[in-house]
Amino acid sequence: MRVFNDKEDDHGQPINTHINASRVLSRTIDELIGISKGLLADGLIVQTEAIFLEKWLTRNRDCTEIWPYNILYSRIQDMLEDGSLDEEEQTELFSLLQQITGQIRVADELENMACTIAFNEKPYPDISFTGKQFCFTGKFLFGSRKHCKEIVTSKGGKVADKMFEKTVDYLIVGSVASRDWRHSTHGRKIEEAIEFREKYNQPVILPESHFVKFVYS
């Protein structure tokens, strides 16, 4: 038996609320992209703009599970938690909005460093959490390093702050690429991981985007 929705449009036709809700979410995300482009227009992000963006995100929490809302909302809350947006956070938020609006493609940034950032060959292997040890390096669109670690432990995994021979199963590389990575702790962790993988066939080196897929699976 076919069941019709009891709501009707102006023409007396039944409204498909599921489709309607999807359209609303799509328009909201389009609006978020537009706002982000506007904030980037003058070449910098200041605290008042970050606060405005946080308030807009709070008013539109129906998009909580939708990209890029889910990433941006958690990051901007972390940044403004202490009541101020410092210079490093301004730079990070500006870069994040560039990536969200397509002005910077993270994949391109990583590809430019592919000669030394050696992710495992595709297709990437599935990720399991229980009893596995993870190490993180770089900055993450998904959230703070602390948040990433909490996700792993909540799923039965363990987290190492440093690379250790034969014990780290996965090195997860953050999506916020930096061209000075070679001179940072970020770069040294990757180089160590490559060396260990050549010797012991582990850890598996994976991008943040692949890690996030299994967080929600």
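Visitor: Where does glutamate 92 lie, and why is this residue called buried or exposed?
Guide: Glutamate 92 belongs to helix α4, residues 87–100; helices are DSSP runs of H or I with at least four residues, strands are runs of E with at least two, and both are numbered from the N terminus. Buried means under 20% relative accessible area, exposed means over 50%, and partly exposed lies in between, with a 1.4 Å probe and protein chains only. The relative accessibility of glutamate 92 is 14%, so the residue counts as buried.

Visitor: On what basis do these values rest?
Guide: The model is predicted: local features need pLDDT of at least 70, side-chain atom pairs count only at pLDDT 80 or more, and totals for chains, interfaces and linings use all residues. Residues are numbered from 1 along each chain as its sequence is written, and side-chain values use heavy atoms, leaving out hydrogens and water.

Visitor: Which residues does glutamate 92 touch?
Guide: Not counting residues up to four places away in sequence, glutamate 92 touches Arg75, Met79 and Lys139; contact means heavy atoms within 4.5 Å.

Visitor: What makes valine 46 buried, partly exposed or exposed?
Guide: Valine 46 has 31% relative accessibility and therefore counts as partly exposed. This residue sits in the loop between α1 (17–40) and α2 (47–59). Its C-alpha is 9.7 Å from that of threonine 91, although the two residues are 45 apart in sequence.

Visitor: How do you know that aspartate 169 has no salt bridge?
Guide: A salt bridge requires a side-chain nitrogen of Lys or Arg within 4 Å of a carboxyl oxygen of Asp or Glu. Lys and Arg count as positive and Asp and Glu as negative, while His and the chain ends are not counted. For the buried aspartate 169, the nearest side chain of opposite charge is lysine 132, 4.4 Å away.

Visitor: Which backbone nitrogen does the side chain of aspartate 169 reach?
Guide: The side chain reaches the backbone nitrogen of glutamine 133 at 2.8 Å. A polar contact is a pair of N or O atoms within 3.5 Å; within protein, one must be able to donate a hydrogen and the other to accept it, and residues adjacent in sequence count only if both atoms are side-chain atoms. Aspartate 169 itself lies in the loop between β2 (158–159) and β3 (170–173). Leaving aside neighbours within four places in sequence, its contacts include Gly131, Gln202 and Val204.

Visitor: What makes β1 and β2 a pair?
Guide: Two strands pair if DSSP finds at least two bridges between them. Two bridges join the parallel strands β1 and β2, and the partner of glutamine 133 in β2 is lysine 158. From β1 the chain passes through helix α6 (residues 145–154) to β2, a right-handed β-α-β crossover; right-handed means that, with the strands pointing away from the viewer, the path from the first strand over the helix to the second runs clockwise.

Visitor: Why do β2 and β4 count as edges of the sheet?
Guide: The four strands form an open, parallel sheet in the order β2-β1-β3-β4. β2 and β4 (204–207) each have a single partner strand, so one side of each lacks a neighbour in the sheet. Four bridges join β1 to β3, where threonine 137 stands opposite valine 173. β3 and β4 are likewise paired over four bridges, with tyrosine 170 facing valine 204 of β4.

Visitor: How do you know that β1 is mostly covered?
Guide: Five of the five residues of β1 (133–137) are buried. Gln133, Cys135 and Thr137 lie on one side, and Phe134 and Phe136 on the other.
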